[in-house]
Amino acid sequence: MAPSPRTSSRQDATALPSMSSTFWAFMILASLLIAYCSQLAAGTCEIVTLDRDSSQPRRTIARQTARCACRKGQIAGTTRARPACVDARIIRTKQWCDMLPCLEGEGCDLLINRSGWTCTQPGGRIKTTTSR
């Protein structure tokens with residue numbers, strides 16, 4: 001005797017379509033929030049990695065990588081010792097001190113070969129930054 005085909009009368013047999021519309025609205029909003037949060041606002045930057053090496057006496061080497069979403073005519077740079085979007089002309093002409101890279105009260109000087117700049121604190125401490 002062959003088994004007869006069974007038909008299900010269970011209410012939860014089709015669980016996906018019967019979930020409440022509130023659940024689906026929440027899921028859509030959550031996915032949009034995740035997608036939006038991974039985007040940077042125009043004209044802003046964030047630090048992605050920061051590595052410090054203090055193996056040499058009286059010297060610390062720090063390397064940082066930033067992610068920026070700059071507007072047209074801007075490029076990633078440094079303002080007040082933080083990553084920022086700056087005028088592209090500054091980077092092209094290597095006039096690093098025009099982007100105000102040093103903290104308040106520090107003096108800015110270009111390196112001789114214009115590969116970077118130094119920030120000199122009032123106490124005489126010097127921070128050197130080079131650009132690749």
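1. Which handedness does the disulfide of Cys70 and Cys85 have, going by the torsion about the S-S bond? That torsion is about -85°, so the link is left-handed. Bear in mind that this is a predicted model. The two sulfur atoms sit 2.2 Å apart. Cys70 is in the loop between strand 2 and strand 3 while Cys85 is in strand 4, so the bond links distant parts of the chain, 15 residues apart.

2. On to Cys45 and Cys68, a disulfide with its sulfur atoms 2.0 Å apart. This link is right-handed, with 115° about the S-S bond. Cys45 belongs to strand 1 and Cys68 to strand 2, so the bond ties together parts 23 residues apart in sequence. Cys68 comes out as partly exposed, with a relative accessible area of 25%.

3. Then there's Cys102 with Cys119, joined at an S to S distance of 1.9 Å. The torsion is about -85°, so this disulfide is left-handed.

4. For the bookkeeping, the disulfide count comes to four. If you number the bonded cysteines of the protein chain in sequence order, the pairing reads 1-2, 3-4, 5-7, 6-8.

5. You'll find Glu106 in the loop between helix 3 (88-93) and strand 5 (107-110). Its relative accessibility is 14%, under the 20% cut-off, so Glu106 counts as buried. The Glu106 side chain makes polar contacts with the side chains of Gln121 at 3.2 Å and Lys127 at 3.1 Å. Beyond its neighbours within four places in sequence, Glu106 also touches Cys119 and Thr120.

6. Arg92, in helix 3, is exposed, with 64% relative accessible area. Its C-alpha atom is 9.8 Å from that of Ile75, a residue 17 places away along the chain.

7. Elements giving two or more residues to the lining include strand 1 (44-53), strand 6 (116-120) and strand 7 (126-130). Strand 2 supplies the largest share, seven residues. By class, the lining has 16 nonpolar, nine polar and eight charged residues.

Notes:
Residues are numbered from 1 along each chain as its sequence is written. This is a predicted model: local features need pLDDT of at least 70, side-chain atom pairs count only at pLDDT 80 or more; totals for chains, interfaces and linings use all residues. Side-chain values use heavy atoms; hydrogens and water are left out. Helices (H or I, at least four residues) and strands (E, at least two) are DSSP runs, numbered from the N terminus. Buried means under 20% relative accessible area, exposed over 50%, partly exposed in between (1.4 Å probe, protein chains only). A polar contact is a pair of N or O atoms within 3.5 Å; within protein, one must be able to donate a hydrogen and the other to accept it, and residues adjacent in sequence count only if both atoms are side-chain atoms. Contact means heavy atoms within 4.5 Å. Ala, Val, Leu, Ile, Met, Phe, Trp, Tyr, Cys and Pro count as nonpolar, Asp, Glu, Lys and Arg as charged, and the others, Gly among them, as polar. A disulfide is a pair of cysteine sulfur atoms within 2.5 Å.
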